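I opened the notebook to look up how strands pair here. My notes follow in the order I made them.

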2 protein chains.
Amino acid sequence: MLDKVSVQEYMAQVGIEARAASRVLAASTTGVKNAALQAMARALDANRDLLARENEKDLAAGRENGLDAALLDRLALTPKTIDGMIEGLRQVAALPDPCGEITDLSFRPSGIQVGKMRVPLGVVGIIYESRPNVTIDAASLCLKSGNAAILRGGKEAIHSNRAIAQCIEQGLADAGLPLGCVQVVQTTDRAAVGAMITMPEYVDVIVPRGGKGLIERISSDAKVPVIKHLDGICHVYIDAKADLEKAFNIALNAKTHRYGVCNAMETLLVDESVATAILPRLASAYKEKGVELRGCDKTCALIDAKLATRDDWATEYLAPVLAIRVVASLEAAMDHIAQYSSQHTESIVTEDYTRGRRFLTEVDSSSVMINASTRFADGFEYGLGAEIGISTDKIHARGPVGLEGLTSQKWIVLGDGQIRD
Amino acid sequence: MLDKVSVQEYMAQVGIEARAASRVLAASTTGVKNAALQAMARALDANRDLLARENEKDLAAGRENGLDAALLDRLALTPKTIDGMIEGLRQVAALPDPCGEITDLSFRPSGIQVGKMRVPLGVVGIIYESRPNVTIDAASLCLKSGNAAILRGGKEAIHSNRAIAQCIEQGLADAGLPLGCVQVVQTTDRAAVGAMITMPEYVDVIVPRGGKGLIERISSDAKVPVIKHLDGICHVYIDAKADLEKAFNIALNAKTHRYGVCNAMETLLVDESVATAILPRLASAYKEKGVELRGCDKTCALIDAKLATRDDWATEYLAPVLAIRVVASLEAAMDHIAQYSSQHTESIVTEDYTRGRRFLTEVDSSSVMINASTRFADGFEYGLGAEIGISTDKIHARGPVGLEGLTSQKWIVLGDGQIRD
């Protein structure tokens, strides 16, 4: 293991190479980028034995260190996981290249023509947990969007990630791209993360993926912009004018389709005029699925539920637990959302035009829906073709972040010799 | 003056009011926002005496404290400055409202319809120097873009800013908007800035306007995203295939139209094949304007110039000084730009299609131009109608920032009861 000064120096060297490679990548054609992605897919396929062998080292160490079953499961590179990585690379190769797109080009009174060109951000640093498949995921999205990538996975996956890095390098070399285009950090020293998030001269944006604690720590210490995902405290509001059949299906799906995901509903808001009609039916459906219910006093008067505390409104359960609150109006629902939501995803169920339009306009979350399950808040469902994460930030990328979220726009000006008067 | 704890508490209160007002503002119609802007304009017009009286207090204190003539000039609220502020409010009222615009709405295979809606950022904090007219400028752009504003001007302008704040409040009240929509910080304590940039719960983005030192300090200490402008080290490259008449006009205009502005050219790059043809003629034009020339050795062999040091390539002169370097090729010019540019604005002068296209694609600056003066990098020249500043950041807003740069986009989903399978 390197000492702290050496880690700083090593990361600076990684940064310098990434910065240089980012210029080459920004000037590379879509064809070259796709060729690298395809070559990486072939290299993964050709190195299945190596990947399995190196992954087994990580798994053995993980078992020895008492990693729990879920973590070991995410660490494992099974033949199916490797198939998925190969398929993912081919899918990203098939996506349209966002770079170079010119929009809004129009003439100004001065005679210059002004527009915007979509361009890579430059160098993207990704910090993630011990899931080696994320290494390929992140590499492919950065490469396709024209960004050099610095990838720092969890230390438990270091052998797997180094083996994957060899396949990535082979792909880059095959396509004639510098190896600095995608670098997997070779040290497991935590100081590497500290260095990476404080070198704005080499890194343009950091995307941390992992637990809330990690993300908060990174955001707080970073000297580089961070695209981040914090909580997903998502709401469904069943309006007075809801179609109760739609409401039932959406409220059930938003909670029970998957529990441990950020776009699952955590609090159900029900207009008091329809609470009696919908809550008992929903309650028995939730009970059948094993969902624990915690409700306001009005809810508890209608169904069998534990009395919710203020903490329940502010909690992302990520579990078969649901908070339910009966509200007096659309305004009360929006007030509750403004106070407790993490501004991730909220949905209204209503047939009323004006209320639907108000909810859509006034609720300040990264996804706002009418008559749809919050579970649709996802890059694939939105048609992005891929997703590096879901941002709960307001500036730059908001909601699901695909290739476009890893790009920016510069202004371009076409003239015939114009000068300012 | 308040003590430090009180300043924290005061700023938190300002933040709470801004956050609450931002919800009202986000739900307000374009008509209401415009009515407030028009009412502010009327209030300024009706309070010219008050403004002059309060401004005189600032000017007297400034003279007493030995402020230099340029600072006093920027501090002064002359009848003409007030006319400009009134006219500015009316112009912003006349601009299209960016909020609510829905784009890219399309159906997905699941049956949901997905698109994006442009929305305010929420609460914008603006920190600026002792130029009271900026108070109105910033207030109008934030209000029109649906953002609550917290405005912190330089302490030398406090009396003027308080008087302007009265006019702003009158305008808000006339339109029925909460006073929290635009708040001028009432204390001159520097701790107010420290508080403002570290309360992400109340402030969504900070826009600092001022000297580089101030902006670097704010960026480094902020816990809130910062849209910032650092250097403007802008380049013009005269290519081998340049039309030398255009090159002459652009190189002269980019340097001498105004000296103290961020989009002025600071370094001229000239292809060696045209250096003999263009440099002597340019040199005498610059001499006539009193511009000091500092050149590389090849430049000094052709014209009378001081030998440039490495520092010259990295300096934003903001003065009648120009660095000139003769380069061997387009690649050498782009290498120089990649190394020394502040990524603000660069222009190539060329008649060559392929080289122009390469420069446009490969140069990574917020504005990249062909055959136009760098002085065009400006919100008004680009047709934004207004400008809160020019961003040298890569994420979110890049280059001139108008109303759109003060907004974000949320995802909207329209469904008929769709759930995830």
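Entry one. I began in chain B, with strand S3, residues 123-127. S3(B) pairs with S6(B) in the parallel sense, over four bridges. The model is a predicted one. I then looked for a facing pair of residues. Gly125(B) stands opposite Ile206(B), which lies in S6(B).

Entry two. I asked which sheet of chain B holds these strands, and in what order. I found an open sheet of four strands, ordered S5-S4-S3-S6, with parallel pairing. Strand S5 (182-184) and strand S6 (205-208) of chain B are its edge strands, each pairing on one side only. On average, neighbouring strands of this sheet are turned by 15° against each other, direction ignored. Strands of a sheet pair through backbone hydrogen bonds, in either a parallel or an antiparallel way.

I moved to strand S16 of chain A, residues 407-418. Is S16(A) mostly covered or mostly open? I noted it as mostly covered, with nine of its twelve residues buried.

Which strands pair with S16(A)? One of them is strand S2 of chain A, residues 113-120. S2(A) and S16(A) run antiparallel and are joined by eight bridges. Here I found Met117(A) opposite Lys410(A) of S16(A).

Entry five. I followed S16(A) across to chain B. There S16(A) pairs with strand S13 (residues 367-372) of chain B, in the parallel sense, over five bridges. Ile412(A) stands opposite Val368(B) in S13(B).

Methods: Residues numbered from 1 in each chain as written. Chains lettered and ligands numbered in written order. Predicted model: local features only at pLDDT ≥ 70, side-chain atom pairs only at ≥ 80, totals over all residues. Heavy atoms only, no water. Buried < 20%, exposed > 50% of the residue type's maximum accessible area, 1.4 Å probe, protein only. Helix = DSSP H or I, 4+ residues; strand = E, 2+ residues; numbered from the N terminus. Pairing = 2+ DSSP bridges. Axes fitted to C-alpha atoms, helices over the stretch in contact; angles between N-to-C directions.
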